[in-house]
Amino acid sequence: MDRLTNTVRPYAWGSTTAIPHLIGAEPTGEPQAEMWMGAHPGAPSQTGRGPLNEVIDQAPERELGPQTVAKFGPRLPFLLKLLAAGAPLSLQVHPDLAQAKEGYEAEERAGVPIDAPHRNYKDANHKPELICALTPFEGLCGFRAPEEAARLIEGLGVDSLKPYADLLRAHPEEAALREVLTAVLSADPAEMATTVTEAEAAADRLGGDYAPYAGLAHHYPGDPGVIAAMLLNHVRLNPGEALFLGAGVPHAYIDGLGVEIMANSDNVLRCGLTPKHVDVPELLRIVRFEATDPGILRPEASPDGEEVYATPIDEFRLSRHVLPEGAAPHDVTAGTPQILLCTAGTVHTGELALTAGQSVFVPAGEKAEVSGVGTLFRATVVA
């Protein structure tokens, strides 16, 4: 197995302290948003044999196993991250596989450069994802029921928001949510900026359920995403709880540290809370306009002590082992590729000792046993 050296991405929304505190390092004062573990060509993990993507390219079946290659092709199907939000991320949605292929091929035919700021599809893959909280974690996930969203918006007492509340009550669910999101994102920017400023003042005064939206407006003054966010469920996760985010579900992370795993894709359609490009027509094609329960996930324990976060997709499978003092070693050998990430204590695997923030890549079929005292996340695939 290979100990991984991983890149930390300094996105502006990243916490300056969460990842340094986890790994026992001094903060630099700069944001440290995401630590990437995997073979993504944008920032592949380094091994003693070279970059992980190149190691896999040289012998895909040996590293990934024949079943994984047959099902997903000669690449690692997932990307594992530590994600540390110190400010809200953009409000966003991801396409399903068919939409991603269609969108990618259309932009390729149109000759849109892959690095163009207005490009929506960087690849032809979907991007389901799972976030598991390591600290108290706050986010937005999926649409509220229209009546609930109408009451929340109306409660601000801002006159320019009343038409949105009326729209939410005037139509069936799908049409109501579609019309209001379209209206918010298509509104005159100057008028919307004034509305958001008034909404921020009201939310500050009211507090309680409105406090998260005052915070969003503080970070993104005048951004229509602040009003769009009020259409979504506000979610708080305790450590160990998780959210699964499927295609078409609008979401944003607001604050906290977590382990995130996703299919290996960069496809994001933004809805707001960002200075980046928002393609409203394409966004409206991708979003699923249905009220949903955010569905907080708690791990399901198996007889051997592994706790699995069940999801409906095969590109990744995330589980954890919480190892108390005196626990017997756990055999985690698998016919699929694995990344093992320690998030607390000291965990031994083979001859390697992992402390918080350290990880290893385990090729398919390689003998792997974990022991020690701590918490270990295990990422693999369903092949």
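## Cysteines on their own

Start with cysteine 132, which is buried, with a relative accessible area of 0%. Keep in mind that this is a predicted model. Cysteine 132 takes part in no disulfide, and the nearest cysteine sulfur, belonging to cysteine 342, is 14 Å away.

Cysteine 141 is another buried one, at 3% relative accessible area. What is the closest cysteine sulfur to the sulfur of cysteine 141? That would be the one in cysteine 271, 12 Å off, which is too far for a bond, because a disulfide needs the two sulfur atoms within 2.5 Å. Across the structure, the disulfide count is 0.

## Rings that pair up

Now for the aromatic rings: there are 3 aromatic pairs here. One of them joins tyrosine 11 and tryptophan 13, whose ring centres are 5.8 Å apart. Their planes sit at 35°, so this pair is called tilted. Are the two partners buried or exposed? Tyrosine 11 is partly exposed, with a relative accessible area of 29%, while tryptophan 13 counts as buried at 16%.

Another pair brings together phenylalanine 143 and phenylalanine 289, with ring centres 5.6 Å apart. Here the planes make an angle of 25°, so the pair is stacked. This pair links distant parts of the chain, 146 residues apart. Phenylalanine 143 belongs to strand S9 (residues 137-143), whereas phenylalanine 289 is in the loop between helix H12 (280-286) and strand S14 (300-301). Phenylalanine 143 is buried at 2% relative accessible area, and phenylalanine 289 is buried too, at 6%.

## A charge over a ring

Look at arginine 9: it lies over the face of tryptophan 36, 4.3 Å from the ring centre.

## The nonpolar cores

In soluble globular proteins, nonpolar side chains tend to be buried together. In this model, the largest nonpolar core has 50 residues. Which residues have the most contacts inside that core? They are Leu140, Leu156, Leu168 and Leu231. Helix H8 (residues 173-186) gives the most to this core, with 6 residues.

Zoom in on leucine 140 and you'll find that, leaving out residues up to four places away in sequence, it touches a whole list of others, among them Leu91, Tyr213, Leu216, Pro250 and Ile254. There is also a second, separate core of 35 residues, including Leu4, Ile56, Leu80 and Tyr309.

Key. Residues numbered from 1 in each chain as written. Predicted model: local features only at pLDDT ≥ 70, side-chain atom pairs only at ≥ 80, totals over all residues. Heavy atoms only, no water. Core = buried A, V, L, I, M, F, W, Y, C linked by side-chain atoms within 4.5 Å. Buried < 20%, exposed > 50% of the residue type's maximum accessible area, 1.4 Å probe, protein only. Helix = DSSP H or I, 4+ residues; strand = E, 2+ residues; numbered from the N terminus. Contact = heavy atoms within 4.5 Å. Phe/Tyr/Trp six-rings, centres within 6.5 Å; stacked < 30°, edge-to-face > 60°. Lys NZ or Arg CZ within 6 Å of the ring centre and 35° of its normal.
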